[in-house]
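Good morning. I will go through one structure, piece by piece, and then take the pockets.

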Amino acid sequence: MDATTNSLDWFEIPVIDMPRAKHFYQVLFSIHMDEFAMGDMQMSFFPSDPQSGKLSGGLAKSPYHTPSMEGVIVYINGNPDLSSALDKVVDAGGEVLMPKTAIGSGHGFMAFFKDTEGNRVGIHSNA
């Protein structure tokens, strides 16, 4: 790894109830998530173009995935304005943990929410 490559390659958000979690994220970001099963793992993917070189990920349900409010925080792209997604959190079954907050020095805005599975998730936007 060096400065010309992504330091992150893939992310997985652990879930307990895949239909509930998939619905939550589809509502927040006005997207469609495709599903895939591999052995005892169920996945739903955020939209992406595998040839773009851009980071992506999805929701994952398996014996190895446990939702948590502790540990690593994944920040989902909320551009152009994270308020659009954050305003839907409560109605979709989640909880806003930290409202839209300016990062400072022109780095945009961030917020935290708790999803329907019990994960603390970050969201970031430039505006």
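Let me begin with Ile123, which sits in strand β8, residues 120–125. Please keep in mind that this is a predicted model.

Is Ile123 buried or exposed? Its relative accessibility is 0%, and buried means under 20%, so Ile123 counts as buried.

What does Ile123 touch? Leaving out residues up to four places away in sequence, its contacts are Phe29, Tyr75, Ile76, Gly78, Leu82, Ala85, Phe109, Met110, Ala111 and Phe113. As for Glu12, 111 residues separate it from Ile123 in sequence, and the C-alpha to C-alpha distance is 15 Å.

One of those contacts, Phe29, takes us to helix α1, which covers residues 18–29. The helix has twelve residues, and from its first C-alpha to its last it reaches 16 Å, close to the 16 Å expected at 1.5 Å a residue.

Which residues of α1 are buried? They are Met18, Ala21, Lys22, Phe24, Tyr25, Gln26, Leu28 and Phe29. Note that Lys22 is on that list.

Now the two ends of the helix. At the start of α1, Asp17 has a side-chain oxygen within 3.0 Å of the backbone nitrogen of Arg20. Just after α1 comes Ser30, with a positive phi of about 50°.

Rolling a probe the size of a water molecule over the atoms shows where empty space is left.

The largest pocket has a volume of about 690 Å³. It is lined by 22 residues, and those closest to its centre are Phe11, Leu55, Tyr75, Ile76 and Asn77. Two of these names, Tyr75 and Ile76, were also among the contacts of Ile123. Which elements give two or more residues to this lining? They are β1 (10–14), β4 (56–61) and β5 (75–77). The most comes from β5, with three residues. Sorted by class, the lining has 13 nonpolar, seven polar and two charged residues.

The second largest pocket holds about 200 Å³ of space. Of its 13 lining residues, Glu12, Pro14, Val72, Val74 and Asn119 are the closest to the centre. Here the elements that give two or more residues are β1 and β8, and β8 is the strand where we started, with Ile123.

Definitions and conventions:
Residues are numbered from 1 along each chain as its sequence is written. This is a predicted model: local features need pLDDT of at least 70, side-chain atom pairs count only at pLDDT 80 or more; totals for chains, interfaces and linings use all residues. Side-chain values use heavy atoms; hydrogens and water are left out. Helices (H or I, at least four residues) and strands (E, at least two) are DSSP runs, numbered from the N terminus. The expected span of a helix is 1.5 Å times one less than its number of residues. Buried means under 20% relative accessible area, exposed over 50%, partly exposed in between (1.4 Å probe, protein chains only). A polar contact is a pair of N or O atoms within 3.5 Å; within protein, one must be able to donate a hydrogen and the other to accept it, and residues adjacent in sequence count only if both atoms are side-chain atoms. Contact means heavy atoms within 4.5 Å. On a 1 Å grid over the protein atoms alone, a cavity is a set of points where a 1.4 Å probe fits but cannot get out, and a pocket is an open set with protein on both sides within 12 Å along at least five of seven lines; lining residues have an atom within 4 Å of a point. Grid points are joined across faces, edges and corners, and a volume is the space filled by probe spheres set on the points. Ala, Val, Leu, Ile, Met, Phe, Trp, Tyr, Cys and Pro count as nonpolar, Asp, Glu, Lys and Arg as charged, and the others, Gly among them, as polar.
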